[in-house]
Each structure stands twice: as C-alpha cells, then as structure tokens.
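Please read the following report alongside the sequence and the coordinates.

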Amino acid sequence: MKSSGITSGLAILCLFQLCLSSCGDDDLKKAVPLAKNEIIKNRDRTIGVEIIYSDSSVVKAKGTAPIMDKITPVNGAAYQEMPKGVKIDFLNDSLKIKGSITSDYAISKDVEKIIIFKRNVVVVDEQLTFNTEELTWDQNKKMFYSPKGVITKPDGTVINAINFSATQDFSVFNFEQGYGETYVDKNFGE
C-alpha cells in the first residue's frame, strides 16, 4: 500500500521538476516586451451611459451604452471602449429620431476623432438600411466609412457594396463594385 503512494508521489515530483525546467531565461526575456505593450495605467468603468452629441449648440444625436470603459494606457492616447455595444439615435431639429446606428462593440479614439463600430452594425435611415461588420465615423471629415456591407432601400433594392462611404447624415452615399437586386416599376420607360 505504501509503495504505490510513494510511486505516485515520485511521479508528481518528477512532473513538477519538468515543469520548472521547461521555461528558460530566454523565454522569459521574450515574454516581457509583449506584456509592456499592454499595460494600462487606468481603466474607469461607467454603467448605463447616455451621451449627447451636439454641433453648433444643436443636439444631433443621443447615444446609449450599457458599459463604457475609459482606458488610459501607459503609452498612447486615452480612448473609450463600449464592449457591450452602443445605440445612437440621430435627431432632427424637432428632436425626433430620424435614424440610428447599433453595434455589438464600439471604440472612440479622442485624438484621432474617430469612432469604430464593430460586429452586427446596423444603420437605419429614411432612405436606406446598411448592415456591416465594421463602420468608422470620422468626426473631422463628418463622414462614415466601411470596407463592405449590404444596402437595403425601402423599395426592396438590395446592394452589396464595397468601400462604402456616406456623409454624416447619410443623405449622400457612395460605394464601389456594387451588385445586387433591384425592382423596376412596370411603367419604366413609358
């Protein structure tokens, strides 16, 4: 009985010794620089966030996010991350909702003045619905950009768009290499 206990104890001791000797000094030196790039100086979490965006003292949009983390890295500029998603409602002059953006994740970079929406991004506007996995809003240019997505118009037209761009209010949009399905009125050409 005692010899089986001693044998299993020796086996565990040998495995423990093997684990200790498997990581050499060179491996540890390589791992340290990787960890330095990810050091965060400060992370502030806010629950139940509501953000109001105004331009020239006129409210243009209202955003909500269940969680917003303000991250200040040791090296680099601070940014806000919304890991549980965001919803932004665009408002007209009467403060009625005229469109929206929703996504499962968003990151706002203050220095670059951009917001990147990722995963299940849906833009709803009076003239289109745009679905994509990534959409960037450049605040300086007042433009939206996406590498690809699907445009659906109220008449049922569906367009797969590459290099999509739109003005801040989605009144003008452009894309390349579009293909899809459209509906033509039966009186077309008369």
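## A polar pair at Gln80

The side chains of Gln80 and Asp110 form a polar contact at 3.2 Å, the term standing for a pair of N or O atoms within 3.5 Å, of which, within protein, one must be able to donate a hydrogen and the other to accept it, while residues adjacent in sequence count only if both atoms are side-chain atoms. The model is predicted, so that local features need pLDDT of at least 70 and side-chain atom pairs count only at pLDDT 80 or more, whereas totals for chains, interfaces and linings use all residues. Residues are numbered from 1 along each chain as its sequence is written, and side-chain values use heavy atoms, with hydrogens and water left out.

Gln80 belongs to strand S3, residues 79-82, where helices (H or I, at least four residues) and strands (E, at least two) are DSSP runs numbered from the N terminus. Gln80 counts as buried because its relative accessibility is 11%; buried means under 20% relative accessible area, exposed over 50%, and partly exposed in between, with a 1.4 Å probe and protein chains only. Setting aside residues up to four places away in sequence, Gln80 touches Met68, Asp69, Lys70, Ala106, Ile107, Ser108 and Asp110, a contact being heavy atoms within 4.5 Å.

Ser108, one of these partners, lies in strand S6 and is likewise buried, with a relative accessible area of 11%. Beyond its neighbours within four places in sequence, Ser108 is in contact with Tyr79, Gln80, Met82, Ile114 and Ile115.

In soluble globular proteins, nonpolar side chains tend to be buried together.

Apart from residues up to four places away in sequence, Phe117 touches Val86, Ile88, Ile101, Ser103, Tyr105, Ala106, Glu133, Glu134, Leu135, Trp137 and Phe144.

Leu91 is found in strand S4 and is buried, because its relative accessible area is 11%. Leaving out residues up to four places away in sequence, Leu91 touches Val59, Lys60, Ala61, Lys62, Lys96, Ile97 and Lys98, and its C-alpha atom is separated by 10.0 Å from that of Asp169, 78 residues apart along the chain.

Ile162, in strand S10, counts as partly exposed because its relative accessibility is 27%.

## The chain as a whole

The chain comprises two helices and 11 strands, running from the N terminus as α-α-β-β-β-β-β-β-β-β-β-β-β. Of the 190 residues in the chain, 28% are buried, and residues 24 or more positions apart account for 32% of the contacts with a separation of 6 or more.
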